[in-house]
Amino acid sequence: MAVMLSGLEHSLAPIALREALSFTNARTADLDRAIAALPGVEGCVILSTCNRTELYLSGREGLDPGRILCAAAGVDHRDFAGAMFTCSGETAVRHLTEVAAGLRSRVWGEDQIVSQVKRAIALARESGTADSVLETLFRTAVSAGKEVRSRVRLTALPTSAAARAVELLQQTAGSLEGKRALVIGNGEMGRLAAALLREAGCAVTVTLRSYHHGETVVPAGCSAAPYEDRFALMEESDLLLSATTSPHYTVSVDSVASLRRLPALMADLAIPRDIQPQVGELPGVTLFNVDDLEEAGPSHLVPPQVEEILERHQDQFYRWLNYKGCMPVLEELKAAIVERVFTSRELSGDLEPEELVELAVSRSVELLAGGLADSISPESLTRCGRKIRAHTTGRPLLGREA
């Protein structure tokens, strides 16, 4: 069984292509189920964020995840030539751990990607498409990402797209103190942006799709208003930031044509885009989108400590994968040893139960050691003995004992 992936990411594909393969949670679940039902596919997980869409498969070698994803999504695979990457095996495993650690994010070292990776496997699990290989791989990647964040400070720059957007707005405006800001969207990104704008000194209003006073949580110090009132609120705002999961524009050129006043600064953090690009061409309007969030400066070098964390977690996954692959053979091996032991002439005599057990165990170990003579070592046998004794006594192994 192989692990494969194909995907688009910000470094290869412009927004227009990423929009074509950007999915809501409901759409992702539908695609997960459709792809998992294909011949040769054992497991399927789609990771879809504003900066990337990736399809992870486990199953028969030779599958083309990119073509499979495009066919399931109803788009022409040829349109993505040169913008989509495909890899498998160790390269795919390494890629996912780097993604979860924020090493492949537009905002290097961002915090939100771990929760997005976790959400992707949770959605596949709910859809019944996450097999044990992908479950373990994604759990490994999430653990690696969390450890990187807890032990290493990757950057002193903003660690989320929302933080980078607020920083750009602040740099452009000079100061956000006393500005009136409108945030369209109350998801994770919208709430974070609203909180950051509030911290920067803005008076912030957050729009809600279904507004019931007191029933929806908005960041402290921010006010809430119905989504339908967004255009009236825009006339009174200095800044606009939109971060929804809507498949359609929340702000189009036609929708703002009759407004007497527009926010001078706008930031669109959504994929597909919330704000029609032509809005940024209107007089007096500056529009940022997710492709404007790239950090300036030289390429980042991965610290040795991060490399050690990623490699250690990857090794744990490979040990699990190797053990999983050995399980069917171990069952055959047990059956063969049982047959060989109990057809032995030595065990056919008149022996006491204790003597019978001792001789059966002795013959089993000898047969197993003989078959593995080229690969066992005193060290591996010592570790095995420690685990057996720990299991017998019920005492957990500590430190180097493990």
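At 26% relative accessibility, Trp320 is classed as partly exposed, where buried means under 20% relative accessible area, exposed over 50% and partly exposed in between, for a 1.4 Å probe and protein chains only. The model is predicted, with local features requiring pLDDT of at least 70 and side-chain atom pairs pLDDT 80 or more, while totals for chains, interfaces and linings use all residues. Residues are numbered from 1 along each chain as its sequence is written, and side-chain values use heavy atoms, without hydrogens and water.

**Exercise 1.** Classify the ring pair of Phe317 and Trp320.

*Step 1.* The structure holds 3 aromatic pairs. The rings of Phe317 and Trp320 have centres 6.2 Å apart and planes at 25 degrees, so this pair is stacked. Rings of Phe, Tyr and Trp (its six-membered ring) pair with centres within 6.5 Å; planes under 30 degrees apart are stacked, over 60 edge-to-face, and the rest tilted.

*Step 2.* Both residues belong to helix H11 (residues 304-342), where they are 3 residues apart, about one turn of the helix. Helices (H or I, at least four residues) and strands (E, at least two) are DSSP runs numbered from the N terminus.

*Step 3.* Phe317 is buried at a relative accessible area of 1%, whereas Trp320 is partly exposed. Together with Tyr318, Phe317 and Trp320 form one aromatic cluster.

**Exercise 2.** Describe the second largest pocket by its volume and its lining.

*Step 1.* The volume of this pocket is about 870 Å³.

*Step 2.* Its lining comprises 34 residues, with Asn25, Arg119, Ala243, Thr244 and Thr245 closest to the centre. Elements giving two or more residues include helix H2 (25-36), strand E2 (41-48) and helix H8 (188-199). H5 supplies the largest share, 4 residues.

*Step 3.* The lining divides into 15 nonpolar, 16 polar and 3 charged residues.

*Terms.* On a 1 Å grid over the protein atoms alone, a cavity is a set of points where a 1.4 Å probe fits but cannot get out; a pocket is an open set with protein on both sides within 12 Å along at least five of seven lines, and lining residues have an atom within 4 Å of a point. Points join across faces, edges and corners, and volume is the space filled by probe spheres set on them. Ala, Val, Leu, Ile, Met, Phe, Trp, Tyr, Cys and Pro are nonpolar, Asp, Glu, Lys and Arg charged, and the others, Gly among them, polar.

**Exercise 3.** State how many cavities of 30 Å³ or more the structure holds, and characterise the largest cavity.

*Step 1.* The structure holds 1 cavity of 30 Å³ or more. The volume of the largest cavity is about 110 Å³.

*Step 2.* Of its 15 lining residues, Cys50, Asn51, Arg106, Glu110 and Ala161 lie nearest the centre. The lining divides into 7 nonpolar, 5 polar and 3 charged residues.
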